[in-house]
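Work through the exercises below with the sequence and the model open. Each task is followed by a solution in steps.

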Amino acid sequence: MKILIAEDTLSDRMLLRFHLAKLGHQVSEVQNGEELVNTLKDSYYDWDLLIVDLNMPIKSGEEAAREIRALQTDSPEDWIPIIFLSGSGTDEDIQRCIEAGADDYLIKPIQHKVLAAKLLAMARIANMRNRLVSMNKRLEALSTTDYLTELPNRRAFEISLTDEMAKAARYEQALSVAVLDIDHFKRINDEYGHDVGDEVLRQVSARLKSSLRKGDVIGRIGGEEFGLCLSHTSAEDAVNACERYRKAISGAPIICGEHKLNLTVSLGVTAYCDNLGQLELIKLADKALYEAKAKGRNRTIYRECE
Ligand SMILES: Nc1nc2c(ncn2[C@@H]2O[C@H](COP(=O)(O)OP(=O)(O)OP(=O)(O)O)[C@@H](O)[C@H]2O)c(=O)[nH]1
């Protein structure tokens, strides 16, 4: 583990460093609570454990622990275990330390076996925390990613759109939203089967993704329907971008095994205006898409904010 020690007495620091090095840990040292908090402000994620003396000049361990705990967010990955050190092991001291944010308490002079046992317990908790963090990340990815195309799903797309709308409102930037739908997709399923349909969806997604301009977001928002959030993009530029997406699909056949499929897509697009919410904006783009379908498909239709 990478351990940061805060201890003002040189002999105690040296002894602790000796014990920790013997146990195979990497150690850095500071001499008071102020230095500890300042070091953490610059390198919070570098440390696996803090060992902090209770009584230090300038800023006590107790004050420092309270400030360190205030630096944390609610995220479990922001938790750093803290073990307090003190010459006295009164019940009141232990209570004060734990209330200030400590996870454990060591009484000086340090006993090598007790230190080793407490570090083992902390390493176990840290390990459990790391597993929890990585499981949370996996769950988060699963809940925001479409399993078939690996694009952001509808929920993730709506979150991105909400963020982009907030930016557009705050900085008075242009923003456009488009909805793209594969034409006569049902026929592909009916004629070639669902597996081919799935493969078409994957290939269409990949083509759209590779045509995407940096900063733009695409999500699968329905069966064969994709949402596009085009930041810093005026209505006119959005129509041009949609035409580029349309041609990216219709420009070359999609090859699925022995099948060579010529596909077209229809797009509805609208520009952001601040009197519409996120769902209304998508609905407006959807209306434009409906119009594109009604007019014969394989086209982009723009609809102005109502
Ligand atoms: N293979 C596959 N098909 C899907 C998936 N999601 C939706 N679909 C199919 O997509 C088809 C959509 O059909 P429709 O809504 O009638 O639209 P369409 O045939 O594309 O016709 P237009 O949109 O009017 O051009 C339906 O047959 C759905 O079953 C999927 O994940 N995989």
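**Exercise 1. The parallel sheet**

Solution. 
Step 1. Strands here are DSSP runs of E with at least two residues, helices are runs of H or I with at least four, and both are numbered from the N terminus.
Step 2. The model is predicted: local features need pLDDT of at least 70, side-chain atom pairs count only at pLDDT 80 or more, and totals for chains, interfaces and linings use all residues. Numbering starts from 1 along each chain as its sequence is written.
Step 3. Count the bridges. E1 and E3 run parallel and are joined by four. Two strands pair if DSSP finds at least two bridges between them.
Step 4. Axes are lines fitted to C-alpha atoms, for helices over the stretch in contact, and angles run from 0 to 180 degrees between N-to-C directions. Contact requires C-beta atoms, placed from the backbone, within 7 Å.
Step 5. Write the strand order. The sheet is open, has five strands in the order E2-E1-E3-E4-E5, and pairs in parallel. E2 (26-30) and E5 (104-107) are the edge strands, each pairing on one side only. On average, neighbouring strands are turned by 20 degrees against each other, direction ignored.

**Exercise 2. The buried face of H3**

Task: Which residues of H3 (residues 61-71) are buried, and what covers them?

Solution. 
Step 1. Apply the burial count. A residue is buried with 20 or more other C-beta atoms within 10 Å of its own, exposed with 12 or fewer, and partly exposed in between; C-beta atoms are placed from the backbone.
Step 2. Gly-61, Glu-62, Ala-64, Ala-65 and Ile-68 are buried.
Step 3. Look down the helix axis. These residues fall within an arc of 160 degrees, so they line one face of H3. The arc is taken over directions from the helix axis to the C-beta atoms.
Step 4. List the cover. It includes strands E1 (2-6), E3 (49-53) and E4 (82-86), with helices H2 (33-43) and H4 (91-100).
Step 5. Val-37 is buried, with 20 other C-beta atoms within 10 Å. Leaving out residues up to four places away in sequence, Val-37 touches Lys-59, Ala-64, Glu-67 and Ile-68.

**Exercise 3. Gln-72**

Task: Is Gln-72 buried or partly exposed?

Solution. 
Step 1. Locate Gln-72: the loop between H3 and E4.
Step 2. Count. There are 14 other C-beta atoms within 10 Å, so Gln-72 is partly exposed.
Step 3. List contacts. Beyond four places in sequence, Gln-72 touches Asp-78 and Trp-79.

**Exercise 4. The mixed sheet**

Task: State the strand order of the sheet that holds E6 and E8, then describe the pairings of E8.

Solution. 
Step 1. This open sheet of five strands runs E7-E8-E6-E11-E12, with mixed pairing. Its edge strands are E7 (217-220) and E12 (300-302).
Step 2. Pair E8 with E6. They are antiparallel over seven bridges. Ser-176 has Leu-230 in E8 as its bridge partner.
Step 3. Pair E8 with E7. These run antiparallel, joined by four bridges, and form a hairpin with four residues between the strands. Val-217 is partnered by Cys-229 of E8.
Step 4. Check burial. Six of the seven residues of E8 are buried, so this strand is largely enclosed by the rest of the structure.
Step 5. Turn to E11 (residues 265-271). E6 and E11 pair in the antiparallel sense over seven bridges. Asp-181 stands opposite Ser-266 in E11.

**Exercise 5. The ligand shell**

Task: Which residues come nearest to the ligand, and which element gives the largest share of the shell?

Solution. 
Step 1. Of the 16 residues around the ligand, Asp-183, Phe-185, Lys-186, Gly-197 and Gly-223 come nearest. A residue is near if its C-beta atom, placed from the backbone, lies within 6 Å.
Step 2. Elements giving two or more residues are E6 (175-182), H7 (185-192) and H8 (194-211). H8 gives the largest share, four residues.
Step 3. Sort by class. The shell has four nonpolar, five polar and seven charged residues. Ala, Val, Leu, Ile, Met, Phe, Trp, Tyr, Cys and Pro count as nonpolar, Asp, Glu, Lys and Arg as charged, and the others, Gly among them, as polar.

Key. Contact = placed C-beta atoms within 7 Å.
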